[in-house]
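Hi,

Here is the structure I wanted to pass on to you. Have a look, and then read on for what turned up.

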Amino acid sequence: MQEITKTPDLLDKLQSFDNFKSIPEEALQWLIDHSTYYCYAEGDSLFYAGKEVNHMQVIVEGEYVIYLERDGKRREAGVWREGYITGVLPFSRMKKAGGYGVALRECCVLELHKKHFTEMVQVSYELVQNLVGVMSSRIREFSQLRFQDEKLMALGKLSAGLAHELNNPAAAMVRSASELYKRQHQTPDRFKKVMTMAITPEQTDDMNAVLFKRIEEKDDKELSLIKRQELEDELLDWLDDHEVENSDDLVEVFVDFRITIDDLELVKNTLNEDQQHTISSILKWFENTLSMENLVSEIQESADRISELVTSVKKYSHMDRATHREPLDVQDGIKNTLTMLKHKLKKQQIEIEKTCVINLPVVLAYGGQLNQVWTNIMDNAIDAMPDGGTLGVHIGEQRGMVCIQISDTGEGISEAHQTRIFEPFFTTKAMDEGTGMGLDIVKKIVNRHEGQIKVESEPGHTVFTVCLPAAKPTVK
């Protein structure tokens with residue numbers, strides 16, 4: 001940055017800019033006389049995040065880019081050129097820069113210190129009025145920019161969690177399908193051994209009765225480690241006593257299907273004395289059949305989980321829905337939101353406590369917007385809690401309103417901050433952790449639905465309560 005001499009054509013340049021076209025010449029000359037003229041070389045910093053802002057800056061020549069920092073990385077927010085006014089403006093409460101301004105090419109800037117703003121009011125009301133208009137336009141531009149940025153950040157978090165949730169059942173399907181393929185190729189050899197046993201149809205029916213009874217009555221409830229070990233030891237002892245080959249390979253799946261010593265005795269007693277040597281081949285056939293049953297079941301469960309996730313995403317985003325308000329059960333939106341945040345909840349080992357009254361009335365709402373409300377509040381709650389916290393969701397009805405309480409066991413919100421959390425751009429998070437738009441958006445959406453939102457907080461317990469008007473029953 002280098003201070004340079006003001007040139008005679010500065011007045012003409014200012015008058016050519018849209019923001020100054022209606023301003024009297026003497027007011028613009030006052031602006032030039034009281035400003036300092038600087039030239040920033042390509043790559044120079046005009047301002048940086050956190051820097052105290054004391055000047056209004058008018059870009060006379062050149063252009064600069066603004067970067068915002070997110071997750072430790074800088075993201076381009078836009079490029080501004082000749083005629084743009086940045087920095088602090090009259091009646092602005094701006095104190096520090098929120099981003100980084102870097103010259104893309106040589107950039108010449110008029111800089112007016114804020115100490116001259118009081119005199120400016122006396123010099124030219126029109127100039128001050130125009131600059132206040134610039135401030136309003138700038139707030140709208142940056143509000144939209146931050147709004148988009150907030151939505152992209154939320155989408156990025158949800159996408160990462162969803163990808164993780166989809167990856168688990170997809171990987172399970174691949175593993176199970178691969179194991180199923182391998183076992184299918186082992187089947188002919190084992191089938192051949194069974195077919196050469198000369199077992200009668202009656203014996204086959206008796207064995208199938210044992211096998212398919214265990215398949216039909218399979219208990220998916222997990223056994224304790226001690227109980228499982230006891231069953232494995234009992235089965236191993238029996239198999240070893242009867243000289244069954246590779247007994248260790250059989251017991252795990254036998255325990256899964258709760259095969260007992262009595263079942264094995266039934267199989268043994270089905271065989272006559274001359275067939276006792278075939279017991280190993282028969283039990284291996286049992287194990288193979290039960291294992292394939294397990295694999296098919298795992299593939300089906302994984303496919304169901306993927307289908308459930310896809311359904312939740314569709315409902316969450318309200319794809320194929322109309323753009324008008326429609327009757328909605330808020331429980332559905334909250335359930336889908338919790339599904340979308342499941343990965344983050346599991347990662348932080350957060351417990352969910354959810355209660356809801358019976359026969360809850362519906363509300364007339366834009367489903368996608370309400371889901372954004374639940375997402376922002378829950379995401380903030382998760383961020384506020386240490387690992388192992390509790391997220392509470394309680395849904396009820398009060399005086400014709402459906403009220404949703406979302407609570408957390410985090411450190412709480414100070415009284416000073418409670419009065420400001422719904423302000424645009426206000427955030428208690430670090431620079432790269434939030435834009436301060438989330439709760440501002442939440443309040444706007446709730447207001448649009450003629451609802452109410454309030455917060456109560458103390459250390460260890462914060463509750464956001466959202467109340468929405470219940471839909472009036474349709475008269476038939």
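Phe47 and Tyr64 are both buried, where buried means under 20% relative accessible area, exposed over 50% and partly exposed in between (1.4 Å probe, protein chains only). Bear in mind that this is a predicted model: local features need pLDDT of at least 70, side-chain atom pairs count only at pLDDT 80 or more, and totals for chains, interfaces and linings use all residues. Residues are numbered from 1 along each chain as its sequence is written, and side-chain values use heavy atoms, with hydrogens and water left out.

The ring centres of Phe47 and Tyr64 are 5.9 Å apart with planes at 80°, so this pair is edge-to-face. (Rings of Phe, Tyr and Trp, the last by its six-membered ring, pair if their centres lie within 6.5 Å; planes under 30 degrees apart are stacked, over 60 edge-to-face, the rest tilted.)

Trp80 and Tyr84 make a tilted pair, at 5.5 Å centre to centre and 50° between the planes. Trp80 is buried at 13% relative accessible area, and Tyr84 is buried at 15%. Ring pairs join Phe47, Tyr64, Trp80 and Tyr84 into a cluster.

Cheers
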